[in-house]
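Me: I would like to learn how to read the features of a two-chain model, one at a time. Please give the general idea before each case.

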Amino acid sequence: MDYALSEEQRAVVEEVRRFAENEIAPLAAEYDREEKYPYEVMEKATEMGLPGAHFPVEYGGAGYSTLEMALITEELFAVDPGIGLCITSAGFGAEALLEFGTDEQKERFLPPITDGESVMGAAISEPQAGSDVTSIDTTAEKDGDEWVLNGNKMWITNGSVGDYFVVMCETDPEVDDRYAGFSQIVVEADRDGFSAEKITGKLGIRASDTAELLFDDVRVPEGNLVGQRGMGFLQLMQFFDETRTSVAAQAVGIAKGANERALSYAEEREQFGRSISDFQAIQHKLADMHTRTEAARQLTYKSAWSVDHAEDDLTALASMAKEFASRVATDCADEAVQIHGGAGYVDDFDVGRLYRDSKITQIYEGTTEVQKNIVARELLGKGT
Amino acid sequence: MKVLVTVKEVAEVEDDFEIDGTGVDDRYLEYDLNEWDDYAVEEAVQLQEAGDDIEVVSVTIGPERAEETIRMALAKGVDRAIRVWDDALDQDLLDTATKARVFRAVVEEEEPDLILTGVQAGDDAFGATGVALAESVGQEWAAVVNQLDIDHLLAENVARVHRELEGGVEELTDVELPAVLTIQTGINEPRYASLRGIRQAQSKEIAPKTLADLGLEAGDVESSLFLTEMYEPESESDATLFEGSAEETAAELASVLREKGVGAE
């Protein structure tokens, strides 16, 4: 068992943090307030090779593993979850292409992400289908050599700024098996009948773009089908361990960011003639926040390491990491605001933003409740 | 063309620290690439990207720990690196002449067409290694360079540089290669090491060299300077508060700055 990061991993952490502090931190409050997508930061992030860093080298990535992606995600989210998500989500949906796409599809859709020319998204959720993916209504019918899509997708990250989306749709409704009959199809945003409506008023991660997508007889060539027809849901399932680990890493980052700010404010703020960090009530909060964050980090690293190395089914571990880390993130952000007192309640300090941002980690990529169901299911031997 | 960039891993001191003997207690130090050297590395890499067949080699004097820092230069595009270390170099203070002797041995081996150094190191701040090296290898030099015409250098083998002088004055100088330029901060915008660069840097060469490898002996690196004491001076502060409108306070500030000698007349 090796418990230390390699020199290369330490260098990645150090340089990503330096980037985030110099290029993201000064803009974070503004982009949050105005709910705007940070094009200028994306350009710089591209120079550094951050978008699609896990893509293989031949498609412009650095070939980084799940563990390294967790390290990168943690550093970006510690500085700002909103802009951090814009960077780490630029290649959302690419997992399906990497695993099941043809060489031609990879060549067409992956390099533009690492070149910074395009942003992509994964379109799964619908107004009536959140955690219950198999209840989606978006359909794709075969018409000659084209697919014709109809339906709408909700809460789609990068929805109104993305150039193409891997869309989960029902292609074979007549199939009896509740997990079969779905397919993943790439839809470009410039196709006729496609439209996106930006969703505003989010509680947090407001720099990140979220939209509703509408498909009104959108025609795409049959070559846009990713993997096998009818296997879409099963293809998607394969990445839950990876995507949930990545949300766990986001949560660890938020907790880390909250803890750092709480610690430095506690040392700086004076009351009753001394720094509030002299008070045991504050000390115990800080100790607890840091301890729980470290525990969440180790669970996340273990989950990431397992995605990269272990052959067993690691579904429970990924759900444990996602559920626990997101709870730690919301708790730490809460305590960080508490330690800041009144100052934490206005947007002069970052902790209020982190407090709002943290909540999403308990909701997306499977809610806390769904994660607990999964852990219990695995424990009780009902896993598949 | 070959460009040699000298780099140094410098110690950065935390806000609160304690002095231990003739140095700052190690617990309060963090190590990083010298800020000026970061600009020198960037300038060399820009030169490499603009020209054909330009090799950029970095050299440092430092213990094994310094490899982490020098590898960041490799991640930014430097082709290979040399790290010189020897028990005889493990001294409290390596003076400029000593460093110049070590670097001269490297220069004689590598025969670069251009040598870039930072103007100074952020820790001991002698600001002399570059020019001392130039003198030692008998090359021309330009110090405190804040602009280099890369196209002109590639076309004519002449470094057309702007040098920053006191009081905001700039001097334009042409220096024929081979030459040493000491690079000032602000000459460019140092890049972040790309993730792919960090990955590639892991397999680039950092050649360790001892004094013997360079044809030197312990006697060649005996510093003539010795640290005798280190202390923290008493600090005093003198704050002036301007009151009034922005125009009034700005005018007052300007006159104070002028009195203190900031800005050229």
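Me: Which side chains meet in a salt bridge at 2.9 Å, N to O?

Reply: Side chains of opposite charge can pair when their charged atoms come close. The term salt bridge is used for a side-chain nitrogen of Lys or Arg within 4 Å of a carboxyl oxygen of Asp or Glu. In this predicted model, Arg10(A) and Glu68(B) form one, with N and O 2.9 Å apart. The count between chain A and chain B is 4 salt bridges.

Me: What should I know about the numbering and the limits of the model?

Reply: Residues are numbered from 1 along each chain as its sequence is written, and chains are lettered from A and ligands numbered from 1 in the order in which they are written. The model is predicted, so local features need pLDDT of at least 70 and side-chain atom pairs count only at pLDDT 80 or more, while totals for chains, interfaces and linings use all residues; side-chain values use heavy atoms, with hydrogens and water left out.

Me: How many residues does each chain give to the contact?

Reply: Contact means heavy atoms within 4.5 Å. Chain A gives 25 residues and chain B gives 15 residues. Buried area is the accessible area (1.4 Å probe) that two parts lose on being put together, summed over both. Between chain A and chain B this comes to about 1,700 Å², with 51% from carbon and sulfur atoms. On the side of chain A, Glu7(A), Glu8(A) and Glu15(A) lose the most area to chain B, together 31% of what that side buries.

Me: How many residue pairs are in polar contact across the interface?

Reply: A polar contact is a pair of N or O atoms within 3.5 Å; within protein, one must be able to donate a hydrogen and the other to accept it, and residues adjacent in sequence count only if both atoms are side-chain atoms. The rule finds 13 residue pairs across the interface of chain A and chain B, both residues at pLDDT 80 or more. Helix 1 (7-34), helix 2 (39-48) and helix 3 (66-79) of chain A each give two or more residues to the side that touches chain B. Helix 1 of chain A supplies the largest share, 12 residues. Helices (H or I, at least four residues) and strands (E, at least two) are DSSP runs, numbered from the N terminus.

Me: Is Ala201(B) buried or exposed?

Reply: Buried means under 20% relative accessible area, exposed over 50%, and partly exposed in between (1.4 Å probe, protein chains only). Ala201(B) has a relative accessible area of 0%, so this residue is buried. Ala201(B) is found in helix 6 (residues 195-201) of chain B. Leaving aside neighbours within four places in sequence, Ala201(B) is in contact with Arg71(B), Leu74(B) and Ala75(B).

Me: Where in chain A do Arg108(A) and Glu188(A) lie?

Reply: The side chains of Arg108(A) and Glu188(A) meet in a salt bridge (3.0 Å, N to O). Arg108(A) is in helix 6 (residues 103-109) and Glu188(A) in strand 5 of chain A, 80 residues apart, and the pair links distant parts of the chain. Arg108(A) counts as partly exposed because its relative accessibility is 32%, whereas Glu188(A), at 11%, counts as buried.

Me: Why does the pair of Arg80(B) and Glu55(B) tie together parts that are apart in sequence?

Reply: Their side chains meet in a salt bridge (2.8 Å, N to O). Arg80(B) lies in strand 7 (residues 80-84) and Glu55(B) in strand 6 (residues 55-61) of chain B, so the pair joins parts 25 residues apart in sequence. Arg80(B) is buried at 18% relative accessibility, and Glu55(B) is partly exposed at 27%.
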